Amino acid sequence: MHHLRTCAAKLRPLTASETIKNVSQNRTAKLRTFQHIRCYSAPVAAEPFLSGTSSNYVEEMYFAWLENPRSVHKSWDVFFRNANSGALPGTAYQSPPPVGAILPALSSSHFQVETQPNVEKLVEDHLAVQSLIRAYQIRGHHVAQLDPLGILDADLDSSVPTDIITSPEKLDLDAFKNRMDVLTVGGFYGLQESDLDKVFHLPTTTYIGGNETALPLREIVRRLEMAYCQHIGVEFMFINDLEQCQWIREKFETPGIMQFTDEEKRTLLARLVRSTRFEEFLQRKWSSEKRFGLEGCEVLIPALKTIIDRSSGNGVDYVIMGMPHRGRLNVLANVIRKELEQIFCQFDSKLEAADEGSGDVKYHLGMYHRRINRVSDRTITLSLVANPSHLEAVDPVVQGKTKAEQFYCGDTDGKKVMSILLHGDAAFAGQGIVYETFHLSDLPSYTTHGTIHVVVNNQIGFTTDPRMARSSPYPTDVARVVNAPIFHVNADDPEAVIHVCDVAAEWRNTFHKDVVVDLVCYRRSGHNEMDEPMFTQPLMYKQIRKQKPVLQKYAEYLIADAIVTRQEYEEEIAKYDKICEEAYARSKDEKILHIKHWLDSPWPGFFTLDGQPKSMSCPSTGLNEEDLMHIGGVASSVPVDNFTIHGGLSRILKARAEMVKSRTVDWALAEYMAFGSLLKEGIHIRLSGQDVERGTFSHRHHVLHDQNVDKRTCIPMNHLWPNQAPYTVCNSSLSEYGVLGFELGFAMASPNALVLWEAQFGDFHNTAQCIIDQFISSGQAKWVRQNGIVLLLPHGMEGMGPEHSSARPERFLQMCNDDPDVFPKRTDDFAVRQLYNCNWIVVNCSSPANFFHVLRRQILLPFRKPLIAFTPKSLLRHPEARSSFDDMLPGTHFYRVISDDGPASKNPENVNRLLLCTGKVYYDLIRERKTRNMESNVAITRIEQLSPFPFDLIEMEVQKYPNAQIVWCQEEHKNQGYYDYIKPRIRTTINRSKPVWYAGRDPTSAPATGNKAAHLMELKRFMDTAFNINAFDGLV
């Protein structure tokens, strides 16, 4: 423990004036330690026994007394009690009673102690002050002045927490009268008003003292008010990590922490000028156009630039951003630095589209740009991901792309690549995808090592009052679930905003965890520039009409402080206005809209310079036998020594080895072969979803677990080749929307990776429908952005009830873009060109070999399309669902259609019925055909690729059996499955020369029955229809 310089320094109470004087002297900071020391200010001469020679002795006596008052002589006990109770100079010391004096004399010597508060009261007072400090740290944000309009509490609660000493007159400590019950005897803290000038030691859990370890209560409260109750509200005390809490306290409590140089203030003003004048320019030129402007939160631009500047200075090379439509054009112009003429020409209604696809509105488009950051003087890449109107849907996509970029550059700690997500207040609180995305933030295979979230808190959602839009105090409360600190800030205080953003960037760099910046602002216009907000928020918008813009406020402040002159301010405005006018003039020369100029994820070198595929062919997807045998050998073994696997798994691996020996594969082994071969070719593979490591149906087993050592695992796929690409297989959280969005974003980053998401059951994809509809199905058409993601959707009617049966193929087929009434132009590259022109590929493979080929084709194609694969359940172990190595050797390929190769194909003229089907039902049909002995007169053809529809091959099949009825057979109900998609396309193929009959289950609202007997009855009924040659007699 430290020795104090003198006993007097220890034992005299400091006056408030002396304390303030000490603070102003800026003494060298000392290490804060737990010291049982109280500072006093009684003159040394007042206590005659105190001198330099006795100070060490007195100090030892004092420390002994602190440990145990009974361990020292009674006279010392009396002295220390009196001194600690604030006895006047010269009165603390009491002469010890003479020898032989009677006891009453001793008791009279205690009169000072009895008339002074006791040590217990002293301790209680210090504890009360510590509780007060903690109360501000926990609840100070509730009374912070966050709303620029001054009409609404950001936490939707106008009451003041009962354990905080504050008043409507901020920092007027003489105005405590209405809340003195918090301080006074009988109140929360049991202090008195006179205690405001008493000096208290500060606990180690606060930095308000700066270099001082003790302050008067009045000053303690003032500094707490300054730190927590002004224009910044800090939520962090829920974080269960002391180091992180201390870090935040230091950033906001340290006196004078929020200081800016004159140059920094001028830079902030210039950025506000650009942000504000950009919106004003658009309003002048296109007053009747929707643009979802940033008016009311213009400070967002300097806020984002501050985060990027600080992050770039900390070593970040790549920032990936996602945001809603509000302020998007401003961010593109002033943060990403998109050419202004490219933005302005988007407002030209006569602009012609040069790219294929439908395009999208200007406030949904993305951008990719690489430039020098002027503050850090380092190169930085900025990417703003395109997104739909579905607020927050882009969140997991950004995280997935960020994870991929980190993966490809070896950034295992997130020091080179980071993400920034912007949100609206109503969406951040209301959209469940926000919660799903947060829950990916610390999972090993999904973490991006910290995201900075910026909430543009307009305090309204379209027309909905926040009091009707959320149950939580703040829109940001969802972030508390992952211990992310939340910094609320009044957006009309630019310097407070910049400080908060600077701290947020430092937090992410230090701890690599999420952080939220809540910009409490307002929306000067309605939901868009054409909307009238006074219908629903009259009082708010009356105040907004009177509200002075933040640029004007800040400029007046800087001019008043002589940091800039009015002339300099006006010149800055004129300079940016000129830039806008010149860009506007250039924009008139733009006649053609190139959507690809707005691409958010370019793939350099994959396409030609004009964005076209380098060829329109696909090589054979077969593999040589040596590789098949090698992969099969690894798949059926444990490539790690002293690794104990489960006995049941040993049997599975043994069965695999037997299959490899016999040159056959089942479904799981075919998948293994496809993955392993691509890894050898340098293609990274990532398989994600619920329970994918083992497989929902216990068929995959890509991760082996040691039965004797906790958390010891082995991934044999990563032991195939010396220089192979890495294989990532990861069980996801129980989320579809978030995880599928994440994998989509991962697949955006590079064309040289096979990224797969598997649903636990196929119908679970419907909770991710937004990602499927808005991104996967239409992404290329809207944003000229190709993506090769694969969706594996277990599907099949097997009597397991309505929820685990159908992957809803009808929904995917409905969104296919091929025309059912037009036979595509016949060319030599017909099959590949069909794939190039489609929006996605839909397959339902019936053999392991074909599944192997379609996975390999996904990478070997010269372009990328999403692949929707309906995968089997019972076929995983079906004895007939096997393929020979011969179907996977060099020269083999994916079969879009698999023809009947049985007796029917030998005498096609004798065939009177052609059954067309897809997927698992094929095995039911061939079994039934054999049972009925109809193999010569009923042909069964499998359509493996449903979309794009194989018009050419189906035409050949129909022509092959000229006397046959055409029947589409499916196990799904008539109003579901494939029938409505297939029928018009077959009719187009045969020029409507024959009817296309249906054999399958009747229409219903549920995907399947929950009754096993009913399931079997339905199966028997449609088998009877399929094989009854006279079933359609008399029908037209």
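Predicted model: local features only at pLDDT ≥ 70, side-chain atom pairs only at ≥ 80, totals over all residues.
## A pair of strands to start from

Leu 422 stands opposite Val 454 in strand 9. Strand 8, residues 417–424, and strand 9, residues 451–457, pair in the parallel sense, with 6 bridges between them.

Both strands belong to an open sheet of 8 strands, in the order 3-10-11-9-8-4-7-6, and the pairing in this sheet is mixed. At its edges are strand 3 (232–235) and strand 6 (367–373), each of which pairs on one side only. From one strand to the next, the twist averages 20 degrees.

## Helices across this sheet

Helix 11, residues 300–313, lies across strand 4 (318–322), strand 6, strand 7 (378–384), strand 8, strand 9 and strand 11 (515–520). Relative to strand 8, helix 11 runs at about 165 degrees.

Helix 14, residues 394–408, lies across strand 4, strand 7, strand 8 and strand 9. Its angle to strand 8 is about 175 degrees.

What does the pairing look like at strand 26? Strand 20 (residues 841–843) pairs with strand 26 in the antiparallel sense, over 2 bridges. Within this pair, Val 842 stands opposite Ser 947 of strand 26.

Now let's turn to strand 24, residues 913–917. Is this strand covered or open? Strand 24 is mostly covered, with 5 of its 5 residues buried. In a regular strand, side chains alternate between the two faces of the sheet. Here both faces are covered: Arg 913, Leu 915 and Cys 917 are buried on one side, and Leu 914 and Leu 916 are buried on the other.

Strand 24 pairs with strand 25 (residues 938–943) in the parallel sense over 5 bridges. Leu 916 has Thr 941 as its bridge partner in strand 25. Between these two strands the chain passes through helix 31 (residues 921–931), and this β-α-β crossover is right-handed. Strand 24 also pairs with strand 27 (residues 965–973), in the parallel sense and over 4 bridges. There, the bridge partner of Leu 914 is Ile 966.

## A buried histidine

Helix 29, residues 848–860, holds His 853. Why does His 853 count as buried? Its relative accessible area is 1%, and the cut-off for buried is under 20%, so His 853 falls within that class.

Which residues does His 853 touch beyond its neighbours within four places in sequence? Its contacts are Thr 621, Gly 622, Asp 887, Met 888, Thr 892, His 893 and Phe 894.

## The chain as a whole

Stepping back, the chain has 34 helices and 28 strands. Of its 1036 residues, 58% are buried. Among contacts with a separation of 6 or more, 79% are between residues 24 or more positions apart.

The chain exposes about 42500 Å², and carbon and sulfur atoms supply 51% of that area.

Key
Residues numbered from 1 in each chain as written. Heavy atoms only, no water. Buried < 20%, exposed > 50% of the residue type's maximum accessible area, 1.4 Å probe, protein only. Pairing = 2+ DSSP bridges. Right-handed = clockwise from strand over helix to strand, strands pointing away. Contact = heavy atoms within 4.5 Å. Areas by Shrake-Rupley, 256 points an atom, 1.4 Å probe, with all protein chains shown as cover. Axes fitted to C-alpha atoms, helices over the stretch in contact; angles between N-to-C directions.
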